[in-house]
Amino acid sequence: MANPGYGKRSAPDQRPRTAHDFAHLPPREAAIAAYLDRLPDGADISVKMLAKQLPYGQCALRTALNRLQQAGHLRRGRERLGSASGGHRWITRSWFSRTARDDDWWAAFTRGDVPKDTPSRPQTRSRAHILLAALGREVPSLSLSAADCAALAPLVTEWFARGATEEVVRHALTSGLPTPVHHPAALVRRRLTDKLPPEPPPARPPLRILECAECRVPGSPEALPGGVCNGCRGDHAPARPTTLLPAREIHARADEIRAAMSLKRDDRGPWVRGTTPTDPPQARTPVCVQS
């Protein structure tokens, strides 16, 4: 596991896991994505740690993670978290999504406004309906008909919308029952209405900033299409000349430079060790060589 604030964070509202989630990726990237998908939140997914667990080097892993980011499965950035004392701190995040997302989705996620995916086929029974239908198996006196479950399911859905879990709803309906229960549906309706928990306070939108996968410079989602900034994509790179000088002109210019360097050396003349070419002529002593 990574240090607090680092490591993997799963993106919300992902589709159920299937055997073909990463079939659109190359084999290496698909294998790494499947490994990341099964890691728990908070797991260390740095390049150095992955290199210890997977049969790939750090350079190959860095390239693969960048390609996962381009494919919409990964984004890196920072998120501001508040504390009970009223302060806040910025922490590093690496968000992973089993479902490939486009730049618009990641931009909405950065703002805290994640669009809901439309299910491919409608569910025949909702989570609330299943809970109500199971009450009769746990407490026979609360056996409900299919029509009762369909009529009471919206009330249970409201409990779920206010943060209640299935265990909380089940405890509110089954604890302290009278003996006998003459009208199970009426009792369940009354308890679901009278014991409805209060609405939770409105959640503040998260403060998130994405970073470039190459240079780690933070920026807005619109400035990081595919998770890479314009500079690293080469959009603002200086234009290179499309044509080169002929070889004849290059060689002629090189000859001129060599000739100029030779003339400069000839003008300096010999000098004694310990003097420099810039010393005045009287400071130089001619050297006599005995034959």
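**Helix packing, backbone and confidence**

Me: How do helix 6 and helix 8 lie to each other, roughly parallel or roughly antiparallel?
Reply: In this predicted model, the axes of helix 6 and helix 8 cross at roughly 15° and come within 10 Å. Angles under 35 degrees count as roughly parallel. Helix 6 and helix 8 are therefore roughly parallel.

Me: How many charged residues does the contact of helix 6 with helix 8 have?
Reply: On the helix 6 side, Asp 148, Ala 151, Leu 152, Leu 155, Val 156 and Trp 159 take part, and they meet residues of helix 8 that include Arg 189 and Arg 191. By class, this contact of helix 6 with helix 8 has eight nonpolar residues and one polar residue, and the number of charged residues is three.

Me: Is the crossing in which helix 6 passes helix 8 left-handed or right-handed?
Reply: Helix 6 passes helix 7 in a right-handed crossing. For helix 6 passing helix 8, the crossing is left-handed.

Me: Where helix 6 packs on helix 7, what is the angle?
Reply: Helix 6 covers residues 146–161 and helix 7 covers residues 166–174, and their axes are 10 Å apart. The pair packs at an angle of about 130°. That makes helix 6 oblique to helix 7, the angle being about 130°.

Me: How far apart are the axes of helix 5 and helix 6?
Reply: Helix 5 passes helix 6 in a right-handed crossing, and the two pack at an angle of about 120°. Helix 5 and helix 6 are therefore oblique to each other. The distance between their axes is 7 Å.

Me: How many nonpolar residues does the contact of helix 5 with helix 6 have?
Reply: Six residues are listed for helix 5, among them His 129, Leu 131 and Leu 132, and they meet residues in helix 6 including Cys 149, Val 156 and Phe 160. By class, the contact of helix 5 with helix 6 has two polar residues and one charged residue, and its nonpolar residues number 11.

Me: Is Pro 140 buried or exposed?
Reply: Pro 140 is found in the loop between helix 5 (127–138) and helix 6. Its C-alpha atom is 9.8 Å from that of Pro 184, a residue 44 places away along the chain. Exposed means over 50% relative accessible area; Pro 140 has 62%, so it is exposed.

Me: What is the relative accessible area of Asp 13?
Reply: Asp 13 lies in the loop between strand 1 (8–10) and helix 1 (27–37). Although Asp 13 is not a glycine, its phi is positive, about 55°. Asp 13 is partly exposed, with a relative accessible area of 33%.

Me: What is phi of Arg 216?
Reply: Arg 216 is found in the loop between strand 4 (207–211) and strand 5 (218–219). Arg 216 is partly exposed, with a relative accessible area of 36%. Its phi is positive in a residue other than glycine, near 65°.

Me: Which residue with a positive phi follows helix 4?
Reply: Helix 4 (residues 103–111) has buried residues Trp 105, Trp 106, Ala 107, Ala 108, Phe 109 and Thr 110. The residue after helix 4 has phi near 85°, and that residue is Gly 112.

Me: What is the mean pLDDT of the protein chain?
Reply: pLDDT stays under 50 over residues 272–276 and over residues 281–285. Where pLDDT is low, the coordinates should not be read in detail. In the protein chain, 80% of residues reach 70 or more, and the mean pLDDT is 81.

Key
Residues are numbered from 1 along each chain as its sequence is written. This is a predicted model: local features need pLDDT of at least 70, side-chain atom pairs count only at pLDDT 80 or more; totals for chains, interfaces and linings use all residues. Side-chain values use heavy atoms; hydrogens and water are left out. Axes are lines fitted to C-alpha atoms, for helices over the stretch in contact, and angles run from 0 to 180 degrees between N-to-C directions. Helices (H or I, at least four residues) and strands (E, at least two) are DSSP runs, numbered from the N terminus. Angles under 35 degrees count as roughly parallel, over 145 as roughly antiparallel, 65 to 115 as roughly perpendicular and the rest as oblique. A crossing is left-handed if the near helix is turned anticlockwise from the far one by less than a right angle, and right-handed if clockwise. pLDDT is the predictor's confidence in each residue, from 0 to 100. Contact means heavy atoms within 4.5 Å. Buried means under 20% relative accessible area, exposed over 50%, partly exposed in between (1.4 Å probe, protein chains only). Ala, Val, Leu, Ile, Met, Phe, Trp, Tyr, Cys and Pro count as nonpolar, Asp, Glu, Lys and Arg as charged, and the others, Gly among them, as polar.
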